[in-house]
Structures are given as C-alpha cells and as structure tokens.
Amino acid sequence: MSAQILDGKQLAAALREEIRRDVEELRAKRGIVPGLAVLLVGDDPASQSYVRGKQKASTEVGIHSVVERLPADLSEQTLLERIDHYNEDPSIHGILVQLPLPPQIAEDRVITRISPGKDVDGFHPWNVGRLYSGGEGFVPCTPAGILEMIRRNRIEIAGAHAVVVGRSGIVGKPVAQLLLRENATVTICHSKTKDLGFYTKQADILVAAVGRPGLITADMIKPGAVVIDVGINRVDGRLVGDVDFEAVKERAGWITPVPGGVGPMTITMLLYNTLWSAKRMGNVQ
Ligand code: NDP
C-alpha cells in the first residue's frame, strides 16, 4: 500500500489562517500589530526569493513587515547598527537576517547582536541553549514546522525510534532535540556515519536533512515508517528531496513530498514565532 502523504502545503494554509485570525484579534483587542524586520545583504537571487516569500506571507496574515535591502559591500559595523535600531524599535517583534552573509561580515557576531527576545529564527545562542535546557524560547522554523506536521497528523512520537540524518545547527540538531523532548529515542547520523542504512532501517520516524538527491532509498526504510524529507535539491531543473520518493512511498507509512512538504511549513513557523513574540511582549496569553 502506498504511504499517506504529509501535505505541508495544505497544513501550512490552515495554520496561516489560524495565525491571521490571531493577528486580527491581537490588533482589535490590544492595538498590537506584530512587526517583522528582515535584513537582506547583497543580491543573491535565492536569498532575494526567500525574502520575497517571507514578506508576502507576512502581509497575507496581517503582520507588518519591513524589508531592508543593503549593499553587498556593507560593513559589519553598519549591519550591527541596523540590528540595534530594530532591537530598540517597539513596533518590531521579530528580527531576521537572511543568511548567508558576504565574507566581510561574521555571521556569529550578527546573530548574537539580535535581541534573544526578537530572534524569530531561533539561531541566537540563548535560544539554542533554551532548546536544550528546556523552557521558553524561539525554536528554529524548519524543525518547528516538522514537529507541527507530525503532531497535527496525530503521529505518536513518544517511544518511537527517530533517526535524523544530518546534524546542522539549523535543521538536524534542533529537530533531534525536539524529538527527544517529545520522548522519542533519537539517533543522529552524519557524513562520517558508517553503514547509514543500518540506522535508517530501525527508524519509526526518519528525518533526512542532508542535501543529497536520492540518498535515502527504499531498502533503507522500515515498512510503515514516517519519512520526513527536508532536502531541497535541484536536479534537471526540478526540485527533489533527499529521499527516492517514488520507491520509498511504496514502503513507508507516511511521507512528505518535495516540494509541498516541509518547505511551506518553514515560513509558516516564522509567522507563528513573530505572532508569539508580539503576544509575549504585549503580555497576552
Ligand atoms: P548542511 O549542509 O548544513 O548539513 C548537511 C548535513 O548532512 C551535515 O550534517 C552532513 O554531515 C550531513 N551529510 C552530508 N553527506 C552525508 C551523507 N552522505 N550521509 C549522511 N549524512 C550526510 O545542510 P542543512 O542542514 O542546512 O540543509 C540540509 C538540506 O535541507 C539541504 O538540502 C537544504 O537545502 C534543505 N533545507 C530545507 C529547508 C526547508 O525549509 N525545506 C530549510 C533548511 C534546509 P557532517 O556534519 O558530517 O558534514
């Protein structure tokens, strides 16, 4: 039997409608309009496209978004000053610096300059620490979207063996931590893992976050497993994930398509984090 599709596009649309209603209520009851500042340095086409997507999605749910486009030769000091400006601005509840940055700017100094309370990407060490130590904080958007997708489809996490392939700071590690927090038994694999299939075959929940098309093949899947494909790869002008979708869907129980799986959930969680930040600053529960 073919796997059930984890439809990120449909779920993202439903969540955005919930967020839109919450934004409207916050505005009507408290006069607070959630504000998001996006800083884009340089003219990388992929970054420009991501930023346009974020701006459009924000506007659609009623979030006030400010996009600041800055030249590629910008000094680090000027960028830090712009961040300070938005840190101080009470109408801004979320600040995001689109990565990657040009080589003259140190990413870690930029990320740590953002106020942890406005760090809607969840990359500031304070928020990273909160994810590991427990307690409130911003969770990075892609991992948060993956968890939301699993939960909303009523897939049991507690007690499951979750295998995460990839250990980046923006996807692999935080998603592993979130799954652990939900009481999965978690294995993390990476480029030095010997015999990847040995681990993936044990996975009740498999998350592939690598960036290699076709890495995960059907023989590496436990029958009935939940397969979450985070990878985005361009092959012959087409977007594909890390999972051999056509073959794996005949063995898995659930599977995310690419595109239309994890991708649409990522921006949705950015909107969610911005709304949450505005509610928190306005002391609204
Ligand atoms: P990184 O390149 O930062 O990390 C890739 C990870 O994969 C590393 O931990 C690396 O191991 C591991 N890896 C590489 N080759 C292998 C292999 N052969 N076997 C096992 N593990 C391997 O990528 P990101 O985490 O940033 O992104 C991963 C993918 O997800 C990309 O395709 C990216 O485009 C996509 N992505 C999608 C998003 C979405 O919204 N859908 C959002 C963010 C990313 P090691 O640490 O040892 O080098």
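Where is the place of Gly166? Gly166 sits in the loop between strand E5 (161-165) and helix H7 (172-181). The model is predicted: local features need pLDDT of at least 70, side-chain atom pairs count only at pLDDT 80 or more, and totals for chains, interfaces and linings use all residues. Numbering starts from 1 along each chain as its sequence is written.

**View 1. Gly166 in the E5-H7 loop.** UniProt, in an unreviewed entry, places a "binding site" feature at Gly166, Arg167, Ser168 and Ile232. Such annotations may be inferred rather than shown by experiment. Helices (H or I, at least four residues) and strands (E, at least two) are DSSP runs, numbered from the N terminus. Gly166 is buried because 24 other C-beta atoms lie within 10 Å; the cut-offs are 20 or more for buried, 12 or fewer for exposed, and partly exposed in between, with C-beta atoms placed from the backbone. Beyond four places in sequence, Gly166 contacts Val171, Gly172, His190, Ala209 and Val210. Contact means C-beta atoms within 7 Å, placed from the backbone.

**View 2. Ser168 in the loop between E5 and H7.** Ser168 is partly exposed, with 16 C-beta neighbours inside 10 Å. Leaving out residues up to four places away in sequence, Ser168 touches Lys173 and Ala209.

**View 3. Val164 in the largest nonpolar core.** A nonpolar core is a set of buried Ala, Val, Leu, Ile, Met, Phe, Trp, Tyr and Cys residues joined through C-beta atoms within 7 Å. This one has 79 residues; Val164 is among those touching the most other members. Helix H10 (residues 262-281) gives the largest share, 10 residues. Outside four places in sequence, contacts of Val164 include Gly172, Val207 and Ala209.

How values were computed:
Contact = placed C-beta atoms within 7 Å.
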